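Take a slow look at the fold before reading on. Then follow the chain strand by strand with the text beside it.

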Amino acid sequence: VQLQASGGGLVQPGGSLRLSCEAAGVTFSNYNMGWFRQAPGSEREFVGVITRIYNTDYADSVKGRFSISRVRAKNTVYLQMNSLKPEDTAVYYCAANSKGDYRSETSYDYWGRGTLVTVSS
């Protein structure tokens, strides 16, 4: 099983970025797909999730600015990030969850390596 996140980089405050996460070796449609992030010196935190039936849920800190989508034919999930703030700077991880609380990282079965997003002028 492999989850490959990509699309990170340097962006100015107020800018946008789209992350992608492609899944291989797993039946994509069986999993809720979550995004987490870890800022320097902080614990990893929940960002959002798109369920296997295409419902979404977001952390309050990103609600209204971030959106998650998935394309079954491409085995890919996307995280669209708008109105980025310096406090969004972190390594972003995608992960696959089959059961349990999708807001809890301990409920996830598989993790990607992460991609760095830096929001700075």
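**A strand and its partners**

In strand β11, valine 117 is the bridge partner of glycine 9. This is a predicted model, in which local features need pLDDT of at least 70, side-chain atom pairs count only at pLDDT 80 or more, and totals for chains, interfaces and linings use all residues. Residues are numbered from 1 along each chain as its sequence is written, and side-chain values use heavy atoms, with hydrogens and water left out.

Strands here are DSSP runs of E with at least two residues, numbered from the N terminus. Two strands pair if DSSP finds at least two bridges between them. Strand β2 (residues 9-11) runs parallel to β11, and three bridges join them. Strand β9 (residues 90-97) also pairs with β11, over three bridges, but in the antiparallel sense. There, alanine 90 stands opposite valine 117.

Now look at the side chains. In a regular strand they alternate between the two faces of the sheet. Strand β11 covers residues 115-119. Thr115, Val117 and Val119 point to one face and are buried. Buried means under 20% relative accessible area, exposed means over 50%, and partly exposed lies in between (1.4 Å probe, protein chains only).

**The nonpolar core**

Which residues touch the most other members of the largest nonpolar core? They are Trp35, Leu79, Met81 and Tyr92, in a core of 34 residues. Such a core is a set of buried Ala, Val, Leu, Ile, Met, Phe, Trp, Tyr and Cys residues joined through side-chain atoms within 4.5 Å. The elements that give two or more residues to this core include β1 (2-6), β3 (17-24), β9 and β11. The largest share, five residues, comes from β9.

Follow tyrosine 92 in more detail. Contact means heavy atoms within 4.5 Å. Not counting residues up to four places away in sequence, tyrosine 92 touches residues that include Leu19, Trp35, Leu79, Met81, Thr115 and Val117.

**Charged pairs**

Side chains of opposite charge can pair when their charged atoms come close. A salt bridge is a side-chain nitrogen of Lys or Arg within 4 Å of a carboxyl oxygen of Asp or Glu. The whole structure holds six of them.

Arginine 37 forms one with glutamate 45, with the closest N and O atoms 2.6 Å apart. Arginine 37 is buried, at 5% relative accessibility. Glutamate 45 is partly exposed, at 35%. Both belong to a salt-bridge network that also links Arg65 and Asp88.

Glutamate 105 and arginine 44 meet in another salt bridge, at 3.0 Å from N to O. This pair links distant parts of the chain, 61 residues apart. Glutamate 105 sits in the loop between β9 and β10 (108-111), and arginine 44 in the loop between β4 (32-38) and β5 (45-50). Glutamate 105 is partly exposed at 29% relative accessibility, and arginine 44 is partly exposed at 25%.

Aspartate 60 and lysine 63 form a salt bridge as well, with their closest N and O atoms 3.2 Å apart. Aspartate 60 is exposed, at 66%. Lysine 63 is partly exposed, at 47%.

**A buried threonine**

Finish at threonine 76, in strand β8. Is threonine 76 buried or exposed? It counts as buried, at 7% relative accessibility. A polar atom of the threonine 76 side chain lies 2.7 Å from the backbone oxygen of lysine 74. Leaving aside neighbours within four places in sequence, threonine 76 is in contact with residues including Ser20, Phe28 and Val71.

Definitions and conventions. Helix = DSSP H or I, 4+ residues; strand = E, 2+ residues; numbered from the N terminus. Polar contact = N/O pair within 3.5 Å; in protein donor to acceptor, adjacent residues only side chain to side chain.
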